[in-house]
Amino acid sequence: MNDPSYTRILKDGLWMNNPGTVQLLGLCPLLAVTTTAINGLGLGLATTLTLVASNVTVSLIRKLVRPEVRIPVFVLIIASIVTVIELAMNAWLHDLYLILGIFIPLIVTNCAIIGRAESFASRQSVDRALLDGLAMGIGFTLVLVTLGGMRELIGQGTLLAHANLMFGAFGEHLSLTLIDNYRGFLLAILPPGAFLGLGFLIAGINIINARRERKVAIKAVIAGQPAQA
Amino acid sequence: MNYRQIIITTIILLLFAISGTALVVYTFDNTRERISANERATLLRKLHQLIPQQQHDNVLLDDTLTIINTPLLGTLEPVTVYRARKAGQPVALVITPVAPDGYSGIIKLLVGINIDGTLNGVRVVAHRETPGLGDAIDEKRSDWIHLFDNRSLQDPPLERWAVRKDGGDFDQLTGATITPRAVVKAVRQTLLYYRDNQDALFAPSAVEQAD
């Protein structure tokens, strides 16, 4: 198996094979949490941390684990890591925990993490696994923040509202009320809005990919990956 | 040979189970004290929003009373009361009732009441109301909860302790009536409970001792 280059890993995680919009993994937390951009950012950061930690661990022990028991072992590793992260945050970053705490157990339900462990980290060197975890995590975070921002803007007419919950006093300057006296559009905030929003997001990405493909037809053939969703 | 494979595989799995559990146990053990200290500090910070620090000189978290069997407070679980005293004299307390009829489940509240029956304030500690609508009862999301500041059973009169839609004095939230209705009702019930049990609530922790 030939090792993918670092650039390739980054591109895959952020765009070509993005866990949220292309692999469609981790839909449960993705759809549930993205009512605002800040909520999305919170879950994204916690997921990224878990992804990096689990990818590195899985890659470190990849030669030790026999194929028959690899899935239970991955599950054990991920569950332990998530619990440890939750406890450690509760102890040392208590204020952040009060904000992100509700998202952390959700991470266990995110199949993107075991997906990366199985399909990437268990076959690659530690440095590549780490980079992959980081790239996939950031890619996932971008989708969460975009979708959260879309729903927040359409649903409540604000952007980055309650940023102070995450960034402290500095965050208050980040919050924008783009439409004053907006009556709100309930559909965007409720669960159907999440499905619709994600649908439009994926459609948009597919349009961009299709255009690109036409422009650089030759390169697209080699990659063989875009617009597979 | 085949047996050997199976045994080795089993041992590997077992080792991972043990090390995973050990890691969690170790972390739990090393964080337990910090976590409970953090939780106490967070709770105390919340209580101090409802009972200003200069108003009392006792240790709020230790002068508690647990009351049971109080359907008026919206729950069958034990309800904790934190009492504030100055020089031994009761000045205020915080009751932790539950609004059982929120839009999506129960809403846990902190209700701070002065000795004269006026509200020091109300805070929502846990809820699952609709993000962007019902969650405006949370102080972090909107100022709605401050409508209760300094109110009492005389202000507004008892029959107007309801949201406007029900002919009361309290604004509902845009797009959400059920949530504020539940909160207003719970606060009203708590004030009624306080009116009828004031002495018992301030009694030195003899009636039902907290743990």
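Predicted model: local features only at pLDDT ≥ 70, side-chain atom pairs only at ≥ 80, totals over all residues.
Chain A is built from 12 helices and 2 strands, and 43% of its 229 residues count as buried.

**Chain A overall**
- Going along the sequence, the elements of chain A come in the order α-α-α-α-α-α-α-α-β-α-β-α-α-α.
- If you take the contacts in chain A with a separation of 6 or more, 76% of them join residues 24 or more positions apart.

**Helices α1 and α8 of chain A**
- Helix α1 of chain A covers residues 6-16 and helix α8 of chain A covers residues 126-156; their axes sit 7 Å apart, at an angle of about 30°.
- Angles under 35 degrees count as roughly parallel, so α1(A) runs roughly parallel to α8(A).
- The crossing of α1(A) with α8(A) is right-handed.
- On the α1(A) side, the residues that meet α8(A) are A:Tyr6, A:Ile9, A:Leu10, A:Asp12, A:Gly13 and A:Leu14.
- Their partners in α8(A) are A:Arg128, A:Leu131, A:Asp132, A:Ala135, A:Met136, A:Ile138 and A:Gly139.
- Sorted by class, this contact between α1(A) and α8(A) comes out at 8 nonpolar, 2 polar and 3 charged residues.

**Where chain A meets chain B**
- Chain A puts 26 residues into the contact, and chain B puts in 21 residues.
- On the side of chain B that touches chain A, you'll find 9 nonpolar, 9 polar and 3 charged residues.

Methods: Residues numbered from 1 in each chain as written. Chains lettered and ligands numbered in written order. Axes fitted to C-alpha atoms, helices over the stretch in contact; angles between N-to-C directions. Helix = DSSP H or I, 4+ residues; strand = E, 2+ residues; numbered from the N terminus. Parallel < 35°, antiparallel > 145°, perpendicular 65-115°, else oblique. Left-handed = near helix turned anticlockwise from the far one by under 90°. Contact = placed C-beta atoms within 7 Å. Nonpolar A, V, L, I, M, F, W, Y, C, P; charged D, E, K, R; others polar. Buried ≥ 20, exposed ≤ 12 C-beta atoms within 10 Å, placed from the backbone.
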